[in-house]
Amino acid sequence: MGKWANVFGYEAWLSHSVSVFHVAGTKGKGSVSSFLSSCLSSASIPTGLFVSPHLHSARERIRVDGEMISQEDLETGVEEIRKWEGETPQFFNFFDRLMMLSLWYFCRTKPLAIVLETGMGGRYDPTNCVVPEGDQESKTYAVLTSISLDHQMYLGSTLSDIASNKAGIMRPRRPAFFASSAPDQVVEMFVKEAREKEGELYACDLKTIRCLFPSEDLQVHSPDHLPADLEANVEALLAKRW
């Protein structure tokens, strides 16, 4: 599916220091995506958001700084996608088309960050086209929420299978974050994926962020518990890494 991205100029836009937050999980991914988008917008970072499902209108799935895509832009974008679809033999479902629409819209509005919620799974989810294969310079962050048994027909019969599929959103040499309360078999799959992709894996709770891979014994306290003498060092670390 990634081949169509250049049709709308997405890859060219992405190359201009756009941060991508890719969110996968069984539960909570929609809430986490919306919360993250709100935090970024509150920090004066123009942010696009793609989530699902919607309650009343498909416009609810595509937002920039909390504002839904307009009806006019939705109709224009749909027509653009239909024109392109007529020239390709590929099959796209409803979710695929909305994903295309969101990126078409973000290319027009040019936010500095986008938050994308996966539809189902992770490794083979359409949202994985957000970063072209082989792009090692992208500012992409994987966020993994609670993992439990879901869509077993497609994702696998065990918790480990499902965790491995969700972990597929991790990008080579890029950071990934998950809740430290995750079961051991889930953490094992996350560490395995991080090792294979030479990325960084961080376990998070309300008080700390702890590096699990590579094993650097990094522990970053939350702002409310951060000693004053560590604040400058943490800021420098985050700036260097991310």
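Okay, let's start with the overall layout: the protein chain has eight helices and ten strands. Those are DSSP runs numbered from the N terminus, with at least four residues (H or I) for a helix and at least two (E) for a strand. Before going on, this is a predicted model, so local features need pLDDT of at least 70, side-chain atom pairs count only at pLDDT 80 or more, and totals for chains, interfaces and linings use all residues. Residues are numbered from 1 along each chain as its sequence is written, and side-chain values use heavy atoms, with hydrogens and water left out.

Of the 242 residues in the protein chain, 48% count as buried. Buried here means under 20% relative accessible area, exposed means over 50%, and partly exposed is in between, using a 1.4 Å probe and protein chains only. Now contacts, meaning heavy atoms within 4.5 Å. Among those between residues at least 6 apart in sequence, 66% join residues at least 24 apart.

On to the helix pairs. Take helix H3, residues 71-85, and helix H4, residues 94-109: their axes come within 10 Å and cross at roughly 115°. The axes are lines fitted to C-alpha atoms, for helices over the stretch in contact, and angles run from 0 to 180 degrees between N-to-C directions. On the H3 side the contact includes Asp73, Leu74 and Trp84, and on the H4 side Met100, Trp104 and Arg108 are among the residues involved. By class, that contact has eight nonpolar, two polar and five charged residues. For the record, Ala, Val, Leu, Ile, Met, Phe, Trp, Tyr, Cys and Pro count as nonpolar, Asp, Glu, Lys and Arg as charged, and the others, Gly among them, as polar.

The other pair is helix H6 (159-166) with helix H7 (184-196), where the axes come within 8 Å and cross at roughly 35°. Here Leu159, Ser160, Ala163 and Ser164 of H6 meet Gln185, Val186, Met189, Phe190 and Glu193 of H7. That works out as five nonpolar, three polar and one charged.

Now, charges. In general, side chains of opposite charge can pair when their charged atoms come close. We call it a salt bridge when a side-chain nitrogen of Lys or Arg is within 4 Å of a carboxyl oxygen of Asp or Glu. How many are there by this rule? The count is nine salt bridges.

One of them joins Glu117 and Lys29, at 4.0 Å from N to O. Glu117 sits in strand S5 (113-117) and Lys29 in helix H2 (29-42), 88 residues apart. Glu117 is buried at 4%, and Lys29 is buried too, at 12%.

Asp73 is buried, at 18%.

Arg82 and Glu79 also pair up, at 3.1 Å. They are three residues apart in helix H3, so about one helical turn separates them. Arg82 is exposed at 55%, while Glu79 is partly exposed at 38%.

Leaving aside residues up to four places away in sequence, Arg61 touches Phe50, Pro53 and Phe94, among others.
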